[in-house]
Amino acid sequence: MKRGRIALLSLVAGIAVFSGALRSGEASPSPKNQISRDGFTVTITVPIDVLGLRGKTLRNVETGEWVEAAAYWESGAEKIWNDGLESFKFRGCYSLRVDLDIAPRGEFEAVPEGRHWVWTEPLGFRSKVYHGGGKNEDTSLPYRESRWGHWGPIQPGSVAHETGHFLGLGDDYRDIRDEDGNLLGHEEHPGREGTMMANYRESEPPDRVDQELVDRLGEMLAELEPLPPCITGFWDGTQLEQEGESETEAQVFFLIELKPDENGEIRGTATGDFNLYGTHVEGDCSFSYSTSAPIELDIQATGSGEGPYTIEALQDQKVNEVQRHYLCEQAIDLTLDWDVGLLIEDVLFEDGQWEYKDEADHIVLGYADPAEFDG
Amino acid sequence: MIYFRVTKPEDSGIRTLWILGLVAVLASTLACQAVLGSPPPTPRPEMEQAIRAFSEAPEDPEVLFETLDAQIRNSPREVEVAALSAMDSPEPEVRLAALYALSLTATTDRATAALKEGLQETDITLRLLAAAGLISRGEPQAIPVLIEALHSNEPLVYSEPPRVAWVYGRMLLIQYVEPEFGLLAADDFESVGLAAEAYQAWWEAQGDGIVWDPELNRFQERAP
C-alpha cells in the first residue's frame, strides 16, 4: 500500500497592506476633509470657503459666457477629478470620488470651523494652496487641519489642480535654477508628464489622473480610514517527493481571490486543480499512476499595517482515491490520500504594484478586484 | 463660528488687547478717520523684510511667499507702504516681490503711480505684475502691455502655476476686457499671436473708446 502525503504548500512572499473593519457609509472623525465610504466607493468631501467670491463672475473660456464663479469652479473641478478617477481603483477595490464643496463668502466673512479657506485676489499670478507640506510632498494634514490659499480668476482646470493640494497632493514639478540659484523655470518629475499635479505652463493644467495619483491619494486616506485590500492572483505550484526509486509529483494551480467582507476581514477562495503523477518501484517491478481533482478552498488573509500578510486556507481539502494497479502482475490497491491546503506567508506589496515573487513557485499576487481579474 | 486670519500668535495677542482695552480709543480714532481720512500706516519692519528677503535668490521661495501672502491678507495697508518703499530697490527680485505685493494691495494714487512705473520694467514678469495690478483696478494703460505679452513665450518667474507670458496675458485680457477678438478660441502660441494682432489693431483704433464698468469689474466698449 502506498499512501500520499500532505501537500502543505507554503511560500514566503511579501505584501504591505492594511486591515481593519469595513464600515459602509460612515464618516470618519476627520475634522476637515471628510471621508465617507459606501461599500467600495470612498468619497472625499473637500469643504472650501472662498472669501470674496460671493456674487463674482468669471468668463467661461469654453463658451465665452460670464458665469457665477463658485458654481463654475465647483462643478468644473469636481467633474475633472471624478472623470479622471473613474478608471482606477485603490488597492484593487476602492473607487475614489471627490465631492468639492465650494461656499462663496463675503471678503471678510467668518468661516465656519472645519473648512478650508481661500481668499480671492484679482491677479491670479500666484494661485496657491498652502497645504502644509513641502512643494513636492504629499501630506495628510488637510484631513486633520484647515488649510488656506488664495486664488485669482482661474479656470476649473486650475481649481482642480489647486484642489489636489487640498486633497494633500504636492506638485509633480520642480524648479530649475541656475548656478546662482536664480529661478529659470520648471520641469515635470519624470513619469509625471501630463498628469494633474504636474507642470502646466502652456495652457490649462492637464486633467489626467493615473494610478500613481490614485495610490497617493489612497495612502493618505488609509492613514485615517482602514482600507483592507482586494488581493487577486494565482499560484502554480509543484511539490516533488522521492522515496527510494519511487517518485511523486504533486501540482496545484490556484486562482486566488480575496476581498474584504462587511466586517473588514479579507476572505475569498482559492480555486483550481490538483494533479498528481507518480511512479512506484519495488525491485524490478513498477507502475505509474496519476489523478486529478478540482480544488476549492475557503481562504483568508490576515495581517495589519504594512504587513506581512499571511494567506491561508481555513480548512484543507481532502483528495482520497483508491486505484487498482499491477506490480509484476500482482494486483495492488493504491490509496491516494492527500490534504490540499494553502499557506503563503510574509506577503508584502510594493506601492500597490503587482508582486511577482519567487519565480520557482510561480506566485503572482496583486491588488485587484476579483470580479475584474482576467488573469 | 470662528474668524480665520493668518496671524502670528503674538499679533493675535496684540489685537486682543486692542479690542478689549482700547475700544474707546478705537472708536474715537475711527470717528476722526471718517472725517479726516486715515493716515498712512507705518510699515512694520517685518513686512519690509518679507519683501527684501527676495534679494538673495531664495532656497525655498514658497516659504517667502507664504509669509508675504499672510501679511497681504492680514495687513494690506501696511504691506502697501512697505512695498512702495521697496520699489526703489536696484534688485529686480525685490522689485518683483514689491510689485506683487503692491498689485494686490494698492489703494493710493502713489501706489497706482508706482504700478504705472512698473510697466516700464525690462523684465516681462515685472511688467505683467504691474499690468495685472492696474487692469484689475480699471487702469487702461495695462492693456497694451498685456497685448504685447501675447507675443511672448517667456516663462514668468514665480508664477504659480508656472506659466509663460502669453498664457498669463491671455487670462487677464479674457477676464478684464469684454471684446475678445478670437482670444477665447485661441489656446496655443500661434493662434494667440493672431488674436493679438486683432487686439492691437483695435487698441490703436480706439484706445480710449473703452470704459471700465466697476460693477462688472471689466472694460466694455463705450456705447456709440
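Me: How much area do chain A and chain B bury between them?
Reply: The model is a predicted one, in which local features need pLDDT of at least 70 and side-chain atom pairs count only at pLDDT 80 or more, while totals for chains, interfaces and linings use all residues. Residues are numbered from 1 along each chain as its sequence is written, chains are lettered from A and ligands numbered from 1 in the order in which they are written, and side-chain values use heavy atoms, with hydrogens and water left out. Buried area is the accessible area (1.4 Å probe) that two parts lose on being put together, summed over both. Of the area lost here, 59% is on carbon and sulfur atoms, and the total for chain A and chain B is about 4500 Å².

Me: How many residues does the contact take from each chain?
Reply: Contact here means heavy atoms within 4.5 Å. By that cut-off, chain B gives 49 residues and chain A gives 48 residues.

Me: How many salt bridges are there between chain A and chain B?
Reply: A salt bridge is a side-chain nitrogen of Lys or Arg within 4 Å of a carboxyl oxygen of Asp or Glu. One pair that meets this is Arg126(A) with Glu62(B), whose closest N and O atoms are 3.5 Å apart. Between chain A and chain B the count of salt bridges is four.

Me: Which ring lies under the charged end of Arg218(B)?
Reply: A charge sits over a ring if NZ of Lys or CZ of Arg is within 6 Å of the ring centre and within 35 degrees of the ring normal. Lys259(A) is placed in this way over the face of Phe40(A), at 4.9 Å from the ring centre. For Arg218(B), the charged end sits 3.5 Å from the centre of the ring of Trp66(A).

Me: Is the disulfide of Cys285(A) and Cys328(A) right-handed or left-handed?
Reply: The sulfur atoms of Cys285(A) and Cys328(A) are 1.5 Å apart. Cys285(A) belongs to strand E15 (residues 285-302) of chain A, whereas Cys328(A) is in the loop between strand E17 (317-327) and strand E18 (330-340) of chain A. The torsion about their S-S bond is about -105°, so this disulfide is left-handed.

Me: Is Cys328(A) buried or partly exposed?
Reply: Buried means under 20% relative accessible area, exposed over 50%, and partly exposed in between (1.4 Å probe, protein chains only). Because its relative accessibility is 47%, Cys328(A) counts as partly exposed.

Me: How many aromatic pairs does the structure hold?
Reply: Rings of Phe, Tyr and Trp (its six-membered ring) pair if their centres lie within 6.5 Å, and planes under 30 degrees apart count as stacked, over 60 as edge-to-face and the rest as tilted. Ring pairs also link Phe125(A), Phe54(B), Phe65(B), Tyr100(B), Tyr158(B) and Tyr168(B) into a cluster. Over all chains, the number of aromatic pairs is 22. Among them is the edge-to-face pair of Tyr199(B) and Trp202(B), with 75° between the planes and a centre-to-centre distance of 6.0 Å.

Me: Where is Glu329(A), which has a positive phi?
Reply: Most residues other than glycine have a negative phi, and most peptide bonds are trans. Glu329(A) is not a glycine, yet its phi is about 70°. With a relative accessible area of 77%, Glu329(A) is exposed, and its place is in the loop between E17 and E18 of chain A.

Key: Disulfide = S-S within 2.5 Å. Helix = DSSP H or I, 4+ residues; strand = E, 2+ residues; numbered from the N terminus.
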